[in-house]
Amino acid sequence: MDNEKQHIAIFTTASLPWMTGTAHQKLVYPNNITFASPSEQQVYVRQWLQERVSFSPGFSIRFYPAKFAVDKRSILAVGDISEVIPDEEADVAVLEEPEHLTWFHHGKRWKTKFRLVIGIIHTNYLEYIKREKNGRIKAMGVKFINSWVVEIYCHMVIRLSAATQDYPNSIICNVHGVNP
């Protein structure tokens, strides 16, 4: 058995306590909490975690540059966010909502940088888009773009439920469980 340590990087648009990163805090954190720096937010996240688990988590937290797109009500990555992981640590990447994280990706292909890229589909963006003006037409285009970027950037795709957009060769499995 190989005892070599594997690095797993989880990329998400939402930081614990599952709200969001530093991009647009006043809209998503309770009581208008804001952070002056990523390190200040990291202290908050670690404190929040330690209040809920009986051990001190030993993982690192790194933030990538992003902005909140008011029109899309979404956090969008700015630039090549895979650069926050050094190449020597680029073993496995888990992309939480890979279609969302890769709509505007600029940089090295995820499958080139990481040995394995797993995309986890949370949200059916097509349903949200269909509610907009000319939504059915927009949804057809987004469905194509989503399928394209997910196939380009992910080796494996896991959909949390059948209510999400269907992707070729994807599996449906709730890998997140339910928070009591």
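I began at W110 in this predicted model, and, setting aside neighbours within four places in sequence, I found W110 in contact with F11, I81, S82, A93, L95, T102, H105, V117 and Y153.

I then looked up the largest nonpolar core, which has 21 residues, and noted that F11, I81, A93, L95, W110, F114 and V117 are the members that touch the most others. Strands β1 (8–11), β4 (92–96) and β5 (116–121), together with helix α6 (135–153), each supply at least two residues of this core, and α6 gives the most, with four residues. I also noted a second, separate core of five residues, with V92, I118, I120 and I158 among its members. As general background, nonpolar side chains tend to be buried together in soluble globular proteins.

Next I turned to S82, which sits in the loop between β3 (74–77) and β4. Is S82 buried or exposed? I recorded S82 as buried, because its relative accessible area is 1%, where the cut-off for buried is under 20%. Again leaving aside neighbours within four places in sequence, I listed F11, H105, W110, K113 and F114 as the contacts of S82.

Last, I traced the sheet, which is open and built from five strands in the order β1-β4-β5-β6-β7, with parallel pairing. Its edge strands are β1 and β7 (171–172), each of which pairs on one side only. Between β5 and β6 (residues 156–159), which run parallel, I noted four bridges, and I saw that I120 stands opposite I158 in β6; I120 and I158 are both included in the second core.

How values were computed: Residues numbered from 1 in each chain as written. Predicted model: local features only at pLDDT ≥ 70, side-chain atom pairs only at ≥ 80, totals over all residues. Heavy atoms only, no water. Core = buried A, V, L, I, M, F, W, Y, C linked by side-chain atoms within 4.5 Å. Buried < 20%, exposed > 50% of the residue type's maximum accessible area, 1.4 Å probe, protein only. Contact = heavy atoms within 4.5 Å. Pairing = 2+ DSSP bridges.
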